[in-house]
Amino acid sequence: MEQFRGTTIVAVKRNGKTVIAGDGQVTLGEKIVLKGTAHKVRRLYNGKVIVGFAGGTADAFAMFEEFEKMLNKYSGSLMRSSVEYAKTLRNGGGHNESGAIMIVADKDTLLMLTSIGDVVEPDDGICATGSGGFYALSAAKALMRNTDLDARTIALQSMEIASDICIFTNKNFVVEEV
């Protein structure tokens, strides 16, 4: 059974703003585009937390829903919710085989959460995931190092570059900022 896959998510933190951008493509296996307007970047916890997710669609949605429960349980504390969520994954309550990844951010913190229970805070305020993630990450790093562009512009330009290279990434971008 083929899984629903295909997306690119990039996050950029600069000058007090954090932006997560993602494309809208959902792909079945390696050959079929099922949807071009999916929303894989969302706001949670009264708009104070933004989340982008990539991986198998069912697993990514399950991660998203479970993480939202943790945010509610821990009063929106992003770090605490992330660590507690990771603990549940490591203790068998997760989606360890899925390869789904979420990028989560609030006004202060940017993290990547994996379906195997990793919590990673990027050193340079940039992270990406999904089929075009490495393209978007490379573009964002170059733009961050060599321009004075704001976080939103860097994220969008990085997504443009990724969508030009990765056949699993389209140009229907959803962008959220905190």
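The buried residues of helix α4 are covered by elements that include β2, β3 (17-22) and α3 (133-146); buried denotes under 20% relative accessible area (1.4 Å probe, protein chains only), and helices (H or I, at least four residues) and strands (E, at least two) are DSSP runs numbered from the N terminus. The model is predicted, so that local features need pLDDT of at least 70 and side-chain atom pairs count only at pLDDT 80 or more, while totals for chains, interfaces and linings use all residues. Residues are numbered from 1 along each chain as its sequence is written, and side-chain values use heavy atoms, with hydrogens and water left out.

The buried set of α4 consists of Ala151, Ile154, Ala155, Ser158, Met159, Ala162 and Ser163. These residues lie on the same side of α4, because they cover an arc of only 165° around the axis, taken from the directions from the helix axis to the C-beta atoms.

Ile9 belongs to strand β2 (residues 8-14) and is buried, with a relative accessible area of 0%. Beyond its neighbours within four places in sequence, Ile9 is in contact (heavy atoms within 4.5 Å) with residues including Ile20, Lys40, Phe53, Ile103 and Ala128.

Definitions and conventions:
Buried < 20%, exposed > 50% of the residue type's maximum accessible area, 1.4 Å probe, protein only.
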